[in-house]
Amino acid sequence: MSKPRPISGFPEWAPPQRMIEQYVLDRIRTTFELYGFAPLETRAVEPLDQLLRKGETSKEVYLISRLQDEDGPTVGEGTLGLHFDLTVPLARYVLENAGRLHFPFRRYQIQKVWRGERPQEGRYREFTQADIDIVDRDTLSAHHEAEMPLVIGDALGGLPLGSTDGRLPIRIQVNNRKICEGFYRGIGLADPMAALRAVDRLDRVGPDGVRTLLIETAGATEAQAKACLALAEISAPDASFADAVRQLGVTDPLLDEGLAELVAVMENAAAHAPGLCVADLRIARGLDYYTGTVYETQLRGFERFGSISSGGRYDNLASDEHVRFPGVGISIGVTRLLGLLFGANALSISRSVPTCVLVALVSEERRAESNRIADALRRRGIPTEVAPSAAKYGKQIRYAERRGIPYVWFPGVDGAGDEVKDIRSGEQVGASADVWQPPAADLHPTIG
RNA sequence: GUGGCUGUAGCUCAGUUGGCAGAGCACCGGGUUGUGGUCCCGGGUGUCGUGGGUUCAAAUCCCAUCAGUCACCCCA
């Protein structure tokens, strides 16, 4: 059998990277719960028709089939696909369990998702999303839209990125679709959705490119295109963007509604997390189910890789003939975030294993003695392993040193007491496994 | 899914007009009847991504494929 090889787009981190990932995931989870979001896990698969209910992302959905079905998956009734985000499964879950849920329903969900796209740095076919949503019945208060960025800011704000100079490592760009749609309506634009898609590409194709797109795909006149661009170029770190929009002289009820909502989001952010959010009226988001506030998140220093966390408000995703469940949510691309940071060597960990203490082995005959010491340490929460062989002590120390294990424990011989050595400083002191305690900073690997 | 670039040791890379696969670091063994790191001696640890083809001869040229990366598409 030939050597196994990686599969494109399906990353497998090494243990030190996985330890960092678990640290980040723990931090995200703790923050989500701190804000009162309840955990949920949905199955990996959804019926294909559910997955395709909104949007036309069909080409990137992975279908599943059994080996028995020799011709592969047949697309039709009952066809299953792997979910490509956590919002569509949530919508399905809410419709299915509406009678058992309390609204507004605040839930978080941290799971793998799959997309059959072409991988590159920061883009994968299998990746983890950490998603929060608030879903209500019939109507959803706008203040929930202001809460989302704060949670994300807290979850990611404290990441120990080497380059942080006191500033937050992220910046959340916020916009409101109602502003765009109201504005487009106010200037009499024929196809608002096409205009949104065109404006969304401002960063990539530039103002002239967008102008061309607006005229060619959205049926805009030269003057309309110019107005759209003027709107898209508005950006402000506070609520002052609203004045800039009004100065464009367009009036429309939906526009006013959107302005009020975005002002509320910005004022709330300024009050609780100064510098976190920026109102950026070019942010449109390709997904067509967003109906209000939309978010994108830039990682400082990695702007060219795009958003590492995004979402928005959707009024119509979860609904049937009788009830409507409007929601707002935002999702962190954990795998993308880590892939970018790993690639830049921006995150490191103090050791490559969880082990804090390596108990040395005097001889193979006395392994039980070392095992007892390890047990005593573990009982008190100190991650401990026993040396794999009774090699010369120099070798045993080197075993620890290679892995970054900070302490080696030497069982006492001939009646002498045990000793523990900090192999970084070389300091070695007498110790008892029943009471010795490492400094708190050494107990677990630290991320830096 | 479409197109471009890249692929040599664990890592970073060198390898001439096609002519016996190399360096630094890392790693392994020894000096050290048992406490590492410095120092000294010794060791190349490799299906040149993989599979075909051309050739007396391929890391080198050609084709395919896989992986990484970039642009598009889309998006975390």
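This is a predicted model: local features need pLDDT of at least 70, side-chain atom pairs count only at pLDDT 80 or more; totals for chains, interfaces and linings use all residues.
Q: What makes α5 roughly parallel or roughly antiparallel to α8?
A: Helix α5 (residues 177-186) and helix α8 (residues 222-232) pack at an angle of about 155 degrees, their axes being 11 Å apart. Angles over 145 degrees count as roughly antiparallel, and so α5 is roughly antiparallel to α8.

Q: Which residues of α5 and α8 meet, and how many of the residues in the contact are nonpolar, polar or charged?
A: From α5 come Ile 179, Cys 180, Phe 183 and Tyr 184, which meet Ala 227, Cys 228 and Leu 231 of α8. By class, this contact has seven nonpolar residues, no polar and no charged ones. Tyr and Cys are counted as nonpolar here.

Q: Why is helix α11 described as mostly covered?
A: Buried means under 20% relative accessible area, and eight of the ten residues in α11 (residues 334-343) are buried. Among them are Val 334, Thr 335, Gly 339 and Phe 342.

Q: What do the buried residues of α11 pack against?
A: Their partners are the helices α1 (15-34) and α4 (143-157), with the strands β6 (126-135), β10 (293-299) and β12 (324-333).

How values were computed. Residues are numbered from 1 along each chain as its sequence is written. Chains are lettered from A and ligands numbered from 1 in the order in which they are written. Side-chain values use heavy atoms; hydrogens and water are left out. Axes are lines fitted to C-alpha atoms, for helices over the stretch in contact, and angles run from 0 to 180 degrees between N-to-C directions. Helices (H or I, at least four residues) and strands (E, at least two) are DSSP runs, numbered from the N terminus. Angles under 35 degrees count as roughly parallel, over 145 as roughly antiparallel, 65 to 115 as roughly perpendicular and the rest as oblique. Contact means heavy atoms within 4.5 Å. Buried means under 20% relative accessible area, exposed over 50%, partly exposed in between (1.4 Å probe, protein chains only).
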